Amino acid sequence: MTYFRVDCATFVSHHMKFETLEIFDIQKIRSDFPILKREVNGKPLIYLDNGATTQKPKQVIDAISNYYSDMNSNVHRGVHYLSQISTDAFEVTRRKLQEFIHAAHEHEIILTKGTTESINMVASCYGRAFIDEGDEIIISAMEHHSNIVPWQMLCDEKGCVLKVIPMNDRGELDIEAYKNLFSERTKIASFTYVSNALGTVNPVREMIAIAHGHGVPVLIDGAQAVQHMAIDVQDLDADFFVFSGHKMYGPTGVGVLYGKEKLLNAMPPYQGGGDMIKDVTFAKTTYNDLPFKFEAGTPNIEAGICLTAAIDYIQGIGLEHIKAYEDELLSYATQALSKVEGIRFIGTAIHKSSVISFVVDGTHPYDIGVILDKLGIAVRTGHHCAQPVMERFGIPGTVRVSLAMYNTKEEVDALVAGVERAVRMLR
Amino acid sequence: MTINEIQDELIDDFSFYEDWMEKYEYIIQLGKEVPLIKEEYKTDEYIIKGCQSKVWLYPEMKDGKVYFTADSDAIITKGLVSLMVKVLSGHKPEEIAGAELYFVDKIGLKEHLSPTRANGLLSMIKQMKLYALALKARA
């Protein structure tokens with residue numbers, strides 16, 4: 001089976017033709033997602049809000065139903081049959097996640113509630129152990145609030161300092177400025193792989209190498225990356241890598257914190273409770289080994305187990321094919337939208353993935369979003385939990401289109417027609 | 001006219017529009033007719049929190065009745081606030097505070113009542129009622 005590597009650098013200005021579109025059976029994929037058949041406001045649903053959450057294939061939906069009808073039982077705790085099969089299934093997910101991001105060890109995969117919890121976990125636990133008054137934390141100007149606020153809270157508590165990597169007008173990080181942010185007090189750097197507001201793909205491997213040159217570990221927010229491109233945490237040499245199940249066609253309420261074993265071992269636990277302990281007495285309690293040290297209480301068992309179905313689904317198609325298809329679609333959509341009079345793209349980095357954010361002169365993004373909704377088109381409007389980004393570009397918010405593997409050129413055409421109609425009504 | 005009489009009149013007006021597009025065009029038109037807030041009151045103090053767009057609302061008491069002026073940077077939101085001002089402005093504070101706003105659902109704008117972060121309509125209603133009570137207390 002042949003496939004094509006796409007050079008992101010050229011997609012914006014070139015309209016590339018791929019044989020991928022013949023290998024990648026879009027109609028078959030769409031037929032796997034039951035919700036895509038439904039109507040909204042009397043029109044066929046055109047779902048372009050995948051950055052907020054993705055839809056689920058029936059394989060995942062069936063897995064959830066089957067979990068409750070065949071195997072529901074608490075994990076890691078029982079001796080009976082159901083508890084054994086559900087524990088095994090839960091740990092299968094952990095192994096699959098390890099392979100999915102090419103982690104060295106299964107126990108480096110901590111299952112959490114999602115990206116936000118994962119980042120909070122690192123800020124809290126790594127922060128408690130290693131960060132003190134006057135220390136410095138580097139984040140970027142394009143972060144989602146979940147990768148800003150936990151660090152701010154740590155700084156308020158400990159008296160450490162937040163340093164922010166600036167970006168240019170295209171929405172690309174200023175790497176020279178980044179290099180100059182490091183000092184002997186820098187303790188951690190945390191930034192996104194793909195920006196949820198701008199679609200910018202950051203040169204994370206290069207940025208991690210720079211940080212390591214200063215002995216600084218790096219957390220990468222992969223929430224908007226894992227569903228669009230293959231991830232290899234060892235190749236990136238990421239110290240922490242976080243993402244959510246529901247953004248990769250999986251259930252809500254489960255996510256991943258990947259951490260290098262030696263870092264996770266050095267960190268104190270996050271929450272106390274069952275499963276994360278070895279022995280408990282009122283005199284003293286000892287903690288469990290990885291990964292359980294960081295998994296207190298009953299996890300979201302159903303979501304954890306059924307995430308396997310999402311991983312299998314993605315791997316059945318192949319991330320290389322998904323990426324090639326989505327890059328082509330992004331290029332098509334960007335070109336088509338560029339014809340709307342008065343449109344301004346926010347986020348025009350050379351390397352982009354899946355997201356198009358825009359404003360149209362003389363209109364407010366909210367108004368466009370409301371009218372698109374009436375046409376059955378789901379986009380997101382506003383600041384996208386990235387208020388600093390909006391402030392940087394001097395706008396109240398954007399209309400954000402975020403693509404996934406089941407979107408089509410026809411849907412993009414309908415989007416463009418919808419935006420034009422909205423603009424006519426509003427100007 | 002009482003608050004409920006105004007609501008009924010609006011329901012009647014909107015019943016002419018079957019099509020959502022015509023409804024929104026009418027709302028946009030109403031937005032252009034909103035009694036505009038004075039520029040000097042377009043400050044953080046008079047912003048309604050809970051809207052994705054900026055909405056300013058200024059209340060005044062005259063002869064025992066509360067009057068509102070407003071503005072928004074989003075056209076549809078301006079239309080919605082205009083609707084609210086049309087219904088609630090020029091009445092006694094206790095009438096405003098106790099008003100049951102059934103017209104929103106009846107004219108087909110129920111989705112604007114859902115408490116997602118984007119939705120300012122609930123915030124507008126709440127703020128207008130709070131202003132009415134505050135002005136009454138001050139009087």
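Predicted model: local features only at pLDDT ≥ 70, side-chain atom pairs only at ≥ 80, totals over all residues.
Reader: What does Asp237(A) count as, and how do you know?

Author: Asp237(A) has 16 C-beta neighbours inside 10 Å, so it counts as partly exposed. Asp237(A) lies in the loop between helix H9 (233–236) and strand S9 (240–244) of chain A. Helices (H or I, at least four residues) and strands (E, at least two) are DSSP runs, numbered from the N terminus.

Reader: And what makes Ser354(A) count as buried?

Author: The count for Ser354(A) is 27 C-beta neighbours inside 10 Å, so it is buried. Ser354(A) sits in the loop between strand S13 (343–346) and strand S14 (355–360) of chain A.

Reader: What is the phi of Asp237(A), and what is that of Ser354(A)?

Author: Asp237(A) has a positive phi of about 65°, and Ser354(A) has a positive phi of about 55°.

Reader: Which peptide bond in chain A is cis?

Author: The bond that joins Leu290(A) and Pro291(A) is cis, with omega at about 0°. Pro291(A) is in the loop between strand S12 (285–287) and helix H11 (301–317) of chain A.

Reader: Why is chain A called as compact as a globular protein of its length?

Author: The globule rule, 2.2 Å times the number of residues to the power 0.38, is set against the radius of gyration, taken over C-alpha atoms. The rule gives 22 Å for 427 residues and chain A has 22 Å, so chain A is as compact as a globular protein of that length. Chain A has 15 helices and 17 strands, and 48% of its 427 residues are buried.

Reader: How are H5(A) and H6(A) turned to one another, roughly parallel or roughly perpendicular?

Author: Helix H5 (residues 115–130) and helix H6 (residues 149–158) of chain A pack at an angle of about 25°, with their axes 9 Å apart. Axes are lines fitted to C-alpha atoms, for helices over the stretch in contact, and angles run from 0 to 180 degrees between N-to-C directions. Angles under 35 degrees count as roughly parallel, over 145 as roughly antiparallel, 65 to 115 as roughly perpendicular and the rest as oblique. That makes H5(A) roughly parallel to H6(A).

Reader: What about H2(B) and H3(B): roughly parallel or roughly perpendicular?

Author: Helix H2 (residues 20–32) and helix H3 (residues 75–88) of chain B pack at about 75°, with their axes 7 Å apart. So H2(B) is roughly perpendicular to H3(B). By class, their contact has eight nonpolar, three polar and one charged residues. Ala, Val, Leu, Ile, Met, Phe, Trp, Tyr, Cys and Pro count as nonpolar, Asp, Glu, Lys and Arg as charged, and the others, Gly among them, as polar.

Reader: How many residues of chain A are in contact with chain B?

Author: Two residues are in contact if their C-beta atoms, placed from the backbone, lie within 7 Å. On that basis, 12 residues of chain A are in contact with 13 residues of chain B. The largest share of chain A's side, five residues, comes from H13(A). By class, that side has six nonpolar, four polar and two charged residues.

Reader: What makes H13(A) mostly covered?

Author: Nine of the 10 residues in H13(A) are buried, including Pro365(A), Tyr366(A) and Lys374(A). Just after H13(A), Gly376(A) takes a positive phi of about 85°.

Terms used. Residues numbered from 1 in each chain as written. Chains lettered and ligands numbered in written order. Buried ≥ 20, exposed ≤ 12 C-beta atoms within 10 Å, placed from the backbone.
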